[in-house]
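Hi everyone, thanks for coming. Let me put the structure up, and then we'll walk through a few of its features together.

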Amino acid sequence: MSHFFAMGGYAAYVWPAYAVFFIVLLADFVSPLLRRRRNLRELRARLARQTARQHRSATPAVNS
Amino acid sequence: MSKWIPLWLHKLGSPPIFYRFAGTLRPWFLGLALVAGAVALYGGLALAPADYQQGDAYRIIFIHVPSAWMGLFIYGVMAVASFVALVWRIKLAEAVAMESAPIGAAFTFITLVTGSLWGKPMWGTWWTWDARLTSELVLLFLYLGVIGLYHAFEDRRQGARAAAFLAIIGIINVPIVHFSVNWWNTLHQGSTVRILGPSKISASMLWPLLTMMVATKLYYVASLFGRVRADLLELESGKDWVRRIATENSVPGEQA
């Protein structure tokens with residue numbers, strides 16, 4: 001097993017290359033998922049504000 | 001719309017239908033990509049023998065070459081989608097073109113870094129300004145230029161059109177990258193795998209390489225679908241179908 005990880009003396013080049021491959025692709029895959037979640041959360045907040053505003057204008061104001 | 005375009009294809013261009021279609025298929029593409037990638041890694045790192053000249057350092061080929069192919073392939077997809085977006089003004093084509101750019105940039109970046117890590121032990125240098133390496137760096141800058149131009153405009157669709165122009169003009173670099181090893185004398189080795197004629201590589205090394213190529217293609221589709229879905233939600237945030245998704249997806253614990 002240690003023979004495998006040694007990569008014939010080239011471990012310092014082979015494993016970082018594979019690490020870059022996986023880290024970059026993982027970041028590429030996760031970023032749109034986070035972006036989608038954030039956008040949906042913002043949209044929900046906007047919709048909630050809208051309905052609250054509509055609700056306020058529908059009921060007669062108290063202080064006038 | 002012209003008569004020769006089938007109705008299902010026309011429908012697939014509609015954002016809500018594509019959103020659902022991509023959402024259903026994305027996990028399958030990702031799953032297949034992971035399976036193919038795992039098989040390719042086992043074949044490349046464990047089963048394939050060491051190279052008679054390069055020892056085990058050559059094993060970087062199993063990610064370097066598929067990434068390089070993807071960098072060029074995705075550029076082609078981006079340019080075609082850009083052309084469709086400019087000519088027919090299809091929103092989905094804009095999304096495909098603009099969301100392909102970051103994936104292509106990621107693969108091109110991987111190609112440059114893994115190539116550098118391969119070049120140090122084999123050539124004795126991290127970097128050299130020869131034709132293949134320089135044109136590959138230009139490819140990365142083209143991707144970054146497309147991404148930057150897209151985000152430089154206040155209006156997203158206007159930005160997409162400007163960036164689409166750059167994407168189409170930049171396609172000239174793709175054959176330059178591909179043929180650079182033949183046209184100029186470079187430190188970079190020539191093509192190992194050929195579509196026409198026999199490949200200059202043994203079968204035990206070739207099949208992990210081709211399997212990884214399939215895995216990266218599948219991954220691209222999965223990543224693109226995820227990105228286009230996120231993009232469509234932003235582009236259409238005022239529409240009813242997006243509002244429905246927003247209200248349906250409200251997490252119980254979260255303040256809706």
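In chain B, helix 3 passes helix 4 in a left-handed crossing, meaning that the near helix is turned anticlockwise from the far one by less than a right angle. Helices here are DSSP runs (H or I, at least four residues), numbered from the N terminus. This is a predicted model, where local features need pLDDT of at least 70, side-chain atom pairs count only at pLDDT 80 or more, and totals for chains, interfaces and linings use all residues. Residues are numbered from 1 along each chain as its sequence is written, with chains lettered from A and ligands numbered from 1 in the order in which they are written.

Back to our pair: the axes of helix 3 (residues 61-88) and helix 4 of chain B come within 8 Å and cross at roughly 160 degrees. Those axes are lines fitted to C-alpha atoms over the stretch in contact, with angles from 0 to 180 degrees between N-to-C directions. Helix 3 and helix 4 of chain B are therefore roughly antiparallel, the word for angles over 145 degrees.

Now, how many residues does each chain bring to the contact between chains A and B? Chain B gives 34 residues and chain A gives 24, where contact means C-beta atoms, placed from the backbone, within 7 Å. On the chain B side, helix 4 (91-123), helix 8 (203-235) and helix 9 (240-248) each supply at least two residues. Helix 4 of chain B has the largest share, 11 residues.

Finally, residues 12-34 of chain A are 100% helix and 0% strand, and their end C-alpha atoms are 33 Å apart; strands would be DSSP E runs of at least two residues.

Methods. Contact = placed C-beta atoms within 7 Å. Parallel < 35°, antiparallel > 145°, perpendicular 65-115°, else oblique.
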